[in-house]
Amino acid sequence: MTKFEKFSTSFLTVILLFLAGFFLWLYFTKWQQPLGPALQIPTPFGLPPTWTPNPVALGTPLTTPDSAFAITASPTLEPVTQPAGVCGGTTPMYILVVGSDSRGDAYLYGLADVIRLVRVDFATPKVTVLEFPRDLWVEIPDIADNLNGQDHEKLNQAYLYGNRGFGYTDDPAEGPGLLARTLTLNFGTQIDQYAAVNMRTFVKIVDAVGGIDVTLPKTVDGRTAEDMNERLLFLKGTNHLNGTQAVTLARIRISGTFSRADNQDRVLCALRAKFASPEVIPNIPNLIRSFKGAVQTSLSPEQLGQLACVGTQLQPQNIVFGSFPQQLFEQDRTYDPVFKKRVFTWKVDYDTLREYTQRFNEGKWPFATIAHESPQEGDSIICQ
């Protein structure tokens with residue numbers, strides 16, 4: 001080997017080592033770095049010290065298609081060794097997903113209009129989504145000093161009070177952080193990450209992928225005597241919706257809170273289906289622009305890649321949207337000192353909700369149910 005060849009080889013080796021070091025630095029500092037502040041949830045946090053699941057409170061036992069299962073939950077979540085899963089995941093990932101009613105670009109204000117807890121199981125793979133009603137009257141950490149000692153408000157207001165507009169918390173995760181801690185304090189949720197999106201960003205995302213196809217089991221008519229505009233009418237069957245129409249459908253509550261939650265789940269199902277379709281590929285640049293700087297999230301690029309990977313391997317029966325049984329809830333009114341009036345809230349046994357939440361944490365509920373031609377409000381919805 002000549003001196004020139006030795007020099008060239010040494011030079012190339014140095015360049016390759018430099019590039020390897022650069023990509024390792026990029027991987028560990030950028031690829032794995034969360035896009036927003038991490039959650040700060042004490043463990044264990046908030047459950048009554050003597051609380052244990054009560055099978056009687058659940059009424060009709062929950063069963064799998066094969067057999068019933070025994071209640072073995074405990075107030076604290078013991079670490080369980082999970083088998084290796086797909087896409088580099090092992091243990092389930094729990095993500096708080098928030099849809100804000102804010103119409104601005106910044107996340108200063110806005111109530112949590114959509115509250116979902118997503119459990120991603122990498123071993124199966126499977127995604128289970130649980131809806132939390134926004135009108136639950138709950139204890140919210142950190143707010144008492146700003147509200148003359150009042151520490152209870154509606155669940156959706158935890159997100160509002162946590163964001164910078166009010167700033168009632170020092171939590172660096174702001175609104176999503178305070179909402180996550182509120183859910184854990186009141187219901188024993190397990191939450192690892194969060195992703196929050198406002199209405200304007202959601203509209204941009206749906207438009208960036210060319211709209212979505214939402215199939216409705218019955219006509220949704222949101223028209224009122226004050227507003228008879230056809231934009232509020234969505235006919236039974238498959239509807240192709242742009243971003244504004246998708247948000248409009250998701251916000252209609254004229255038939256009740258549970259119907260609205262079901263329609264929100266159908267919109268999410270349709271968006272997931274669009275993400276998985278080949279036709280979305282040309283729209284990826286627009287999609288990236290829609291997300292850039294417009295979403296509150298603690299997920300890292302690596303984790304987003306894992307979720308995208310799982311999305312390509314999910315079978316329809318393994319994407320389940322569920323809600324707490326509707327019969328548990330009664331309409332009620334609670335006096336709110338902030339507004340100095342009685343506001344609408346749900347009357348429900350919170351211990352029972354904690355039991356259902358514990359089963360959700362463990363991947364034992366909700367179950368995938370057979371799709372009905374005329375589903376009842378609150379039925380589990382399977383993404384087709």
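Predicted model: local features only at pLDDT ≥ 70, side-chain atom pairs only at ≥ 80, totals over all residues.
Residues are numbered from 1 along each chain as its sequence is written, and side-chain values use heavy atoms, with hydrogens and water left out. Helices (H or I, at least four residues) and strands (E, at least two) are DSSP runs, numbered from the N terminus.

**Sheet and hairpin**

- An open sheet of 7 strands runs in the order 11-6-1-2-3-12-15, with mixed pairing; two strands pair if DSSP finds at least two bridges between them.
- At the edges sit strand 11 (295-297) and strand 15 (381-382), each pairing on one side only.
- Strand 6 (residues 193-198) and strand 11 run antiparallel and are joined by 3 bridges, with Ala195 standing opposite Thr297.
- Helix 4 (residues 199-208) packs on this sheet, touching strand 1 (93-100), strand 6 and strand 11. Contact here means heavy atoms within 4.5 Å.
- The direction of helix 4 makes about 85 degrees with that of strand 6; axes are lines fitted to C-alpha atoms, for helices over the stretch in contact, and angles run from 0 to 180 degrees between N-to-C directions.
- Strand 13 (residues 330-336) and strand 14 (residues 341-347) are antiparallel too, joined by 7 bridges. In this pair, Asp336 stands opposite Lys341.
- The hairpin of strand 13 and strand 14 has 4 residues between the strands, and Lys340 takes a positive phi near 55 degrees there.

**Helix 5 against helix 6**

- Helix 5 (residues 243-251) and helix 6 pack at an angle of about 150 degrees, with their axes 7 Å apart.
- That makes the two helices, helix 5 and helix 6, roughly antiparallel (angles under 35 degrees count as roughly parallel, over 145 as roughly antiparallel, 65 to 115 as roughly perpendicular and the rest as oblique).
- Helix 5 brings Ala246, Leu249, Ala250 and Arg251 to the contact, while helix 6 brings Arg260, Asn263, Gln264 and Val267.
- By class, that contact has 4 nonpolar, 2 polar and 2 charged residues. Ala, Val, Leu, Ile, Met, Phe, Trp, Tyr, Cys and Pro count as nonpolar, Asp, Glu, Lys and Arg as charged, and the others, Gly among them, as polar.

**Cavities**

- There are 2 cavities of 30 Å³ or more; on a 1 Å grid over the protein atoms alone, a cavity is a set of points where a 1.4 Å probe fits but cannot get out, and lining residues have an atom within 4 Å of a point.
- The largest cavity has a volume of about 70 Å³, volume being the space filled by probe spheres set on the points, with grid points joined across faces, edges and corners.
- Its lining includes Asp113, Arg116, Glu131, Phe132, Arg260 and Gln264.
- Strand 2 (112-121) and helix 6 (257-275) are the elements that give two or more residues to that lining.
- The lining of the largest cavity splits into 5 nonpolar, 2 polar and 5 charged residues.

- Most residues other than glycine have a negative phi, and most peptide bonds are trans.
- The Thr124 to Pro125 peptide bond is cis, with omega near -15 degrees; Pro125 lies in the loop between strand 2 and strand 3 (126-131).
- The Trp365 to Pro366 bond is cis as well, with omega near 0 degrees, and Pro366 lies in the loop between helix 9 (350-361) and strand 15.
- Glu174 has a positive phi near 55 degrees and lies in helix 3 (residues 174-187).

Key:
1 Å grid on protein atoms, 1.4 Å probe; cavity = no way out; pocket = protein on both sides within 12 Å on 5 of 7 lines; lining within 4 Å.
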